[in-house]
Structure formats: structure tokens, C-alpha cells
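User: I'm new to this one and would like to learn how to read it. Could you walk me through it feature by feature?

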Amino acid sequence: MKFFKKLKEKLFSTSSKIGSGLDKIIDSEVKDSKKMNEPDSILEKVDSKGSETGQSVSSSKTKNVKELENKSPKRDKEKKPGFIRKILSSVDTISRRRKLDEEMLLDLEDLLIASDVGVSTSSLIVERIRKDNYSKELSVEELKRLISVEIFNIVKSSSGIPKYNEGKLNIWLFIGVNGSGKTTTIGKLAKQEKEKGRKVIVAAGDTFRAAAVDQLSIWSERSGIPMVKGEEKSDPASVVFKAIEKARNEGVDLLMIDTAGRLQNKTGLMEELEKIIRVIKKQDDTAPHNAILVLDATSGQNVHSQVDIFSKSAGVSGIIMTKLDGTAKGGVLVALADKFHLPIHCVGLGEKMDDLAPFDPKLFANAIVGLDQDIDE
Ligand SMILES: Nc1nc2c(ncn2[C@@H]2O[C@H](COP(=O)(O)OP(=O)(O)OP(=O)(O)O)[C@@H](O)[C@H]2O)c(=O)[nH]1
Ligand SMILES: [Mg+2]
């Protein structure tokens, strides 16, 4: 499956973080029990080469033994020197399993939080895993599957393309903070919509920067999509007004409106967005038919307040999450789906024209933990 392979590659930063985290969780018990019996000579041999953490292994060993003596189900980040872990995992590649107990559940929760799944969603996932699996001996692959199933259960009702009404002008407004990927996303999506046979135009509602208009015009030229723009520093609401008139006169199916990035805590800019919406509504009180919030996955937990505040000002109808490539924070999408129940229309996986894919919950849930798709097929 070609697309799944691409998604998996693009989500590699997040999935490898989860994967190596699970490796460490499973190995910590194997290693701890082995270390107690390990002849000093092996550890000394390793020590002479140094460890990946830059920590001497003898000092790690002393530290680990101390930790074992004081073992308590506490979050404990530093008990696994990487080099030793590699040696031991190569010894135990087939039988590596760990009993699911309180300590391991805490480790799992920590790992999910570190991948930006968020505190309450991470604890929900862990509780669901506990329910049917407590005391079972689990391998890394089994854990990946359990996590993938729970992530799927959370995100499965979040897919959905933007609403589209045949035979009338559809107005889609793109909003979000500075640099979240609005203009790039419009560029990619406009082409996909055109390829469905729809007559599309775009409006450069970011009048603050000349470069913003140029950026959108490059994308629209590439796909042969007309663009409406205004004078630099002119009122963005007037550009929007002009674009709706043009769209009506020319029998356009879909008008996509770009807006300037605005920080959710800048009141003036948020009021201006409300003005743009008033102008749209004066022309069609059912519009905007979609107010799509573009979120940058690398912003981590900050996206929650963006959803809250843009929802108040513009009534967000759906989300597009960009930059899932190259971030280890892909888990933020799971937390969003759990908290807001808004449709996630697409995911951005890069800067090129075809790097925008519809959000597929099952593929996502498998890719984010690094499972192979055919396991579930
Ligand atoms: N890696 C990656 N980069 C992306 C993605 N989407 C957008 N970008 C990059 O993010 C940067 C900002 O994208 P823009 O489309 O200009 O963002 P914007 O929301 O229009 O920004 P403002 O107009 O300044 O608010 C650009 O360098 C894009 O190429 C994505 O999915 N992945
Ligand atoms: Mg822009």
C-alpha cells in the first residue's frame, strides 16, 4: 500500500519516539534482572568503550543497582544506558516481554505524554489498556497494537472532508496563527478540489504582507486557479467582498479565502477576523460553509488554546493539521480529537503540492506507533 508507506515514513519522528520508548520500557525489566547477575567483566568491557549516554557504565551500574534496591513505581527516566540496552536487546530480541504492572503503566503514560498525546488522553489510553491486559506479559509489538487500537478508538470519528453543497457557491475560510500553513494548505487543497471537477478560485485575504499575496499567487498559478487580491494594506474584508462577487458572476463552485496569521491572544486581529465573517454573511448568511482552522503539529499543546479561541471568534468547523512530518509531537492530533470532536479534514506531510492527505484514522493509528498496515488488514 503506497500511501500508507508514505504516511509511515512521514510520521517517522513520532513513531520512532514511541517505538524506542516502548523498547526501553520493555527492556528496562529484562535489563534490570540481567544486570543483577551480569559478570563484572562484561560491564567493564562495555565501560572501556563508553556508553551512548556519555555516562560511564560502571557508574550507571552502581546507579541501577541502587535504583533496584529502592524500586518504586515512580517515573524514572535515567535508568537505561543506551549502549547496554542495545547489547541486551540483541540477546533478547525474541523473548523480550514485560509484565504489565503499575510501574509499566506509568512508564507508558509518560511516553504518551512525551509524544504530546496530552495528560488526560494519555491516561485514558493507559486505563483502557490496563482493563484487559493487567498482569499479561507483553512484547513491544503487542504494546504497539494495543496503543494503536486505543488511538484508533479515539480518532475514528474525527475523519471527514469539508462540507460541500453541489450547485451553489461554497465559501471556505482558512484561519490560524502565523505560519501554521494556511497559504500552503490552500495551494495544495485548491488543486485537489479542482481535480474533482470543481470550479475553484482563491482570495488573498492576507493584505498585510506583499509576500503573502505573491506566495498564494505562485501556488494558484501552478494549478491554473484564478486569484483575487487587493491593494497592499487594504481592508481584507473588501478583498473578500470582491472575491465573492467575482465567484457569483463567474459561476464558481468553491471560493477559498486565505487570511493573515493572527495570534489567538491579539484582540484587534481577532476582531478583524470577525469583520471578515460579517462581510461574508452579508452576502450569504449560510456562509462561510467551512471555517477551517489550520494547526501546526509542531506547536504541541498550544494548539488547544488555538482551537478554543478561534472557535469563539470564527466558529471553527474543522481542522487541518500540518507539519506532521518532521515532528515528534504527532500525538497532539490524538489529544485534539479526544477533546474537541471536530472533523480533521486533512494532514499536511510536507511542503510539496501532493503532501496533503485526507485524514484516515486507521492508517494514522497504525503509522503513528510504527506498525505495519498489513497487521490490521
Ligand atoms: N514540513 C512541512 N512544512 C509545511 C507544511 N505546511 C506548511 N509548511 C511550511 O510552513 C511554512 C509556513 O507556511 P505558510 O503556508 O506560509 O503558513 P501561513 O499560515 O500561511 O503563514 P502566515 O500567512 O504567515 O500566517 C512554510 O515554509 C511552508 O512551506 C507541512 O505540512 N509540512
Ligand atoms: Mg499565509
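**Reading the fold step by step**

Analyst: Happy to. Among contacts between residues at least 6 apart in sequence, 79% join residues at least 24 apart. Keep in mind that this is a predicted model.

User: How many helices and strands does the protein have?

Analyst: The secondary structure comes to 15 helices and 10 strands. As for burial, 44% of the 377 residues are buried.

User: Let's take the strands. What is the order of the strands in the open sheet?

Analyst: General idea to begin with: strands of a sheet pair through backbone hydrogen bonds, in either a parallel or an antiparallel way. Here, 8 strands form an open sheet with mixed pairing, and the order runs β5-β4-β6-β3-β7-β8-β9-β10. The edges are taken by β5 (227-228) and β10 (356-358), each with a single partner strand, so one side of each has no neighbour in the sheet.

User: In which sense do β4 and β5 pair?

Analyst: Strand β4 (residues 200-205) pairs with β5 in the parallel sense, over 2 bridges. For a spot to look at, find Ala203, which stands opposite Val228 in β5.

User: Now the core. Which residues have the most contacts inside the largest nonpolar core?

Analyst: The general idea is that nonpolar side chains tend to be buried together in soluble globular proteins. In this model the largest nonpolar core has 93 residues, and Ala243, Leu255, Met256 and Ile257 have the most contacts inside it. Helix α8 (residues 140-155) gives the largest share, 7 residues. Both domain 1 (2-157) and domain 2 (170-361) contribute residues, so this core lies between them.

User: Which residues does Met256 touch?

Analyst: Leaving out residues up to four places away in sequence, Met256 touches Trp172, Phe174, Ile186, Ala190, Val200 and Val202.

User: Why is helix α15 described as largely enclosed?

Analyst: Helix α15 (residues 361-369) has 9 residues and 7 of them are buried, so the rest of the structure largely encloses it. The buried ones are Leu363, Phe364, Ala365, Asn366, Ala367, Ile368 and Val369. Just after α15 comes Gly370, with a positive phi of about 80°.

User: And where does Asp372 lie?

Analyst: Asp372 lies in the segment after α15. With 15 other C-beta atoms within 10 Å, Asp372 is partly exposed. Asp372 and Lys8 are 364 residues apart in sequence but 8.5 Å apart in space, C-alpha to C-alpha.

User: Last one, the ligand. Which residues come nearest to ligand 1?

Analyst: Of the 22 residues around ligand 1, the nearest are Gly181, Thr183, Thr184, Gly261 and Gly348. Sorted by type, the shell has 4 nonpolar, 12 polar and 6 charged residues. Helix α9 (residues 182-195) supplies the largest share of the shell, 3 residues.

Notes. Residues numbered from 1 in each chain as written. Chains lettered and ligands numbered in written order. Predicted model: local features only at pLDDT ≥ 70, side-chain atom pairs only at ≥ 80, totals over all residues. Near = placed C-beta within 6 Å. Helix = DSSP H or I, 4+ residues; strand = E, 2+ residues; numbered from the N terminus. Nonpolar A, V, L, I, M, F, W, Y, C, P; charged D, E, K, R; others polar. Core = buried A, V, L, I, M, F, W, Y, C linked by C-beta atoms within 7 Å. Buried ≥ 20, exposed ≤ 12 C-beta atoms within 10 Å, placed from the backbone. Domains from an automatic or database assignment. Contact = placed C-beta atoms within 7 Å. Pairing = 2+ DSSP bridges.
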